[in-house]
Amino acid sequence: MNSTPNEQVPLADDSIIDLQEVSIFYSGKIAVDKVSFPIAKNKITSIIGPSGCGKSTLLRSLNRMNDFIPGVTVDGMVTYGGQNLHGSEVDPVEVRRCIGMVFQKPNPFPKSIYKNVAWGPGINGYKDSMDELVEQSLRQAALWEEVKDRLHESALSLSGGQQQRLCIARALAMAPDVLLMDEPCSALDPISTAHIEDLLFELKSRYTIVIVTHNMQQAARISDHTAFLETGKLIEFGVTDQIFTRPQNQRTEEYVTGRFG
Amino acid sequence: MTTDTYQAVKVSNINKRSTRWAEFLIQSGLGLCALVSIITTIAIIIILGKEGFSFFQHVSPAEFFLGTRWVPLLEPQSFGVLPLVWGTLLVTFGAAVIAIPIGLASAIYLSEYASDRVRSIVKPVLELLAGIPTVVYGFFALTFITPLLKGIFPDIQVFNALSGAIVVGIMVLPMIATLSDNALSAVPQTLRQGAYALGATSYEVTTQVVVPAGLSGVMASFLLAISRAIGETMAVTLAAGATPNISLTFFESIQTMTAYIVQISLGDAPAGGIAYQTLFVVAGLLFVITLILNVLSQKILMRYQEVYD
Amino acid sequence: MSTPDKPAFQLDYGDLKRRHRKAKIFANFCATITWMGVALLAVLLAQVSIDGFKWLDWQFISSFPSRFPAKAGIASALVGTLWLISLIAIISIPIGVATALYLEEFNSKNRLNRLIELNISNLAGVPSIVYGIIGLAVFVRQLGLERSLLSGALTMSLLILPIIIIASREAIKTVPMSIRHAAFALGATRWQTTWAHVLPAASPGILTGVILALSRAIGETAPLIMIGGLTYVAFFPEGPMDSFTALPIQIFNWVARPQQEFHELAAGAIIVLLAVLLLMNAAAIVIRHKAEQKFK
């Protein structure tokens, strides 16, 4: 399923989000330029590229987080469940219920561990047993064993790696279809990074994951599909193995072999 | 080493000795200036304490703190301070009821909703409001607020607690708005983003994440404003009256601790007389109350520094 | 490690509309309240202007107060205020800046200095009338300075000293360490560095703080009443030991009278006072601006 930007991207049968000619502008200046690729269900898709190539901007367009930046305009279509996410009739709050996000630096609320996980479902009208939901989410994030005896302590008392797993649990509690991750390990030490990478492997059977990373080895290790961006343009998209061992585009080859970026 | 270099080294050694002396003198001079602030506090404590002590030789603390009649100048004298404290409490409570919700709402608007352009208009306006002298607020109370109130409540007295409360509320409003805005703006943006990413509306993010996160700074601003309201003098002297009175409504004339102090000093209290001493006792009480509030607000503020470390 | 199944719970999607409506109402509520505050300022200024403008003329500024509203003016009050600002500035600026320098440049973070810092924060919150009482007891009575300009200036200086100290410290803190290190590396002493490099760099911020502190001093009435600033003064003070009146005291005196004309006179005096304050604040803004230009 390799493709270059000049070919029409075939819509895969099992894609859950489709990007079609997506362009994003910051007050008129172009940041993402006509990017098209599918995001396959229950797979990990990674977006790689040098700094400033528009990866995070693109990721944020998948759950309408760009709405908070003044002067941002989005062209093209991001299709999810048959709807264009950026259509005027679409409620961004609804979008974010189904498509969750984990950020670069862990950002737990200054509340207890329990409340961090319970807050999202709580405001969204969750009525069943919260204790069960919190435990389930923490187990899925491989954090339960470490915190089960101190659920009501402040989340800020956790280590960096634990806080990030808490943020993952918090996002998972919303039962999203897709989990977006913006360089989730870049603020963590190698051991915590390894823990989270293992976690993602486990999660992908239940969730679809899109991960932005500047760490190529990480992308090569964990993702199924990879999109390579440079200065806002999609240079190449394909199966991860192929991108890293037999890239079709010369720029791709130069990037993955470390000749720049 | 040539003779020239040796000379140069010798010269620089001599300079070192005299400059060290000069440094020491200057540092001591600066230190003395810094001591002025300590001397000020010591002076406050000694002076208020001394007169207070001799006051309590003539009046029992029980009568002072528990008595409900304050008649220090006429016979029969009575030195129960509760009416003054009550007057201060009434005005402060009324002011807080006005200033806290409005101030907090403004702070929320400024930090969460307002555009940069709006901020650039509203913040200077708040600074202006904060800089207006209190006697101007007294004028405003007498010439605008009281007539307005009389129009709504015809039974209200010309001097009344409500007028004082309203105007003091307006006075401390900018303080709450500015300090709370600082506290809320200091909440990291990434916290808001995390909340929005879970599918929350701005109301939920603001009230359940941002304000709780900035709560220490917000509460510190409340305490500081209340402390300021308690110490406020001119507006209440002009608007609220000079009648020590444990009033149960806001419509009567009362007297605050500060207004009493002004009243005494406008008259001629003979030095050393008991009336003169009441000045110091009431001022001492005022000092202690505001000190406690200020220290409390600082402690709360310090806790707020820690959360983001 | 096997993770449990993805939760199959359904979240309640029904009340999203209600939540959005709530958010909108809340946002509008906060906005309205804020603009009400702005409107309040406008009302206050309008009230003062309506009452006071008609009295503003040269006769008003140049006459002494009088029992007859038509003849009354603010001459002695204005002069008294000007005298006060000058004396207060001379007294409080050196001490305040020196204290700030001591705490920032020469401190050794020992317990005495921490005590001084704590003390200054507390002094900043003491009600102005307490300062008035101290002024009465120390300067008027103990030191025998009577109800003079000097007593008033000393009392007000004590009042605004914490403000100057705090503002100056902030200004000094913003001077980058690299400037000091550069001077030290050339063999300069602490004081030489402070005088030649740190003070000049911090002076715009210090000046702004000083102006704001002085604006506060001009508007304060209670301490001046305490130390005996008189309310009926039909002469100009000629030296620091003379008795005096000041604009805020005159305003207070007129507002406290029942007759309407005196209220209007007060409004006129308020306009003059606010004009002086506005000038000072405008000067502070201009200075801040020029300083920012210099360091761009």
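Student: What area is buried between chain B and chain C, and what percentage of that area do carbon and sulfur atoms give?

Tutor: This is a predicted model, in which local features need pLDDT of at least 70, side-chain atom pairs count only at pLDDT 80 or more, and totals for chains, interfaces and linings use all residues. Residues are numbered from 1 along each chain as its sequence is written, chains are lettered from A in the order in which they are written, and side-chain values use heavy atoms, without hydrogens and water. Buried area is the accessible area (1.4 Å probe) that two parts lose on being put together, summed over both. Between chain B and chain C the buried area is about 6400 Å², and the share given by carbon and sulfur atoms is 79%.

Student: Which three residues supply 10% of the area that chain B buries against chain C?

Tutor: In total, 72 residues of chain B are in contact (heavy atoms within 4.5 Å) with 71 residues of chain C. The three that supply more of the area on the chain B side than any other three are L30(B), F139(B) and Y203(B).

Student: Which residue forms a salt bridge with E204(B)?

Tutor: A salt bridge is a side-chain nitrogen of Lys or Arg within 4 Å of a carboxyl oxygen of Asp or Glu. The rule finds one across the interface of chain B and chain C. Its closest N and O atoms are 2.7 Å apart, and the partner of E204(B) is R19(C).

Student: Which helix gives the largest share of the side of chain B that touches chain C?

Tutor: Helices are DSSP runs (H or I, at least four residues), numbered from the N terminus. The helix asked for covers residues 3–58 and supplies 17 residues of that side; the helix is α1 of chain B.

Methods: Helices (H or I, at least four residues) and strands (E, at least two) are DSSP runs, numbered from the N terminus.
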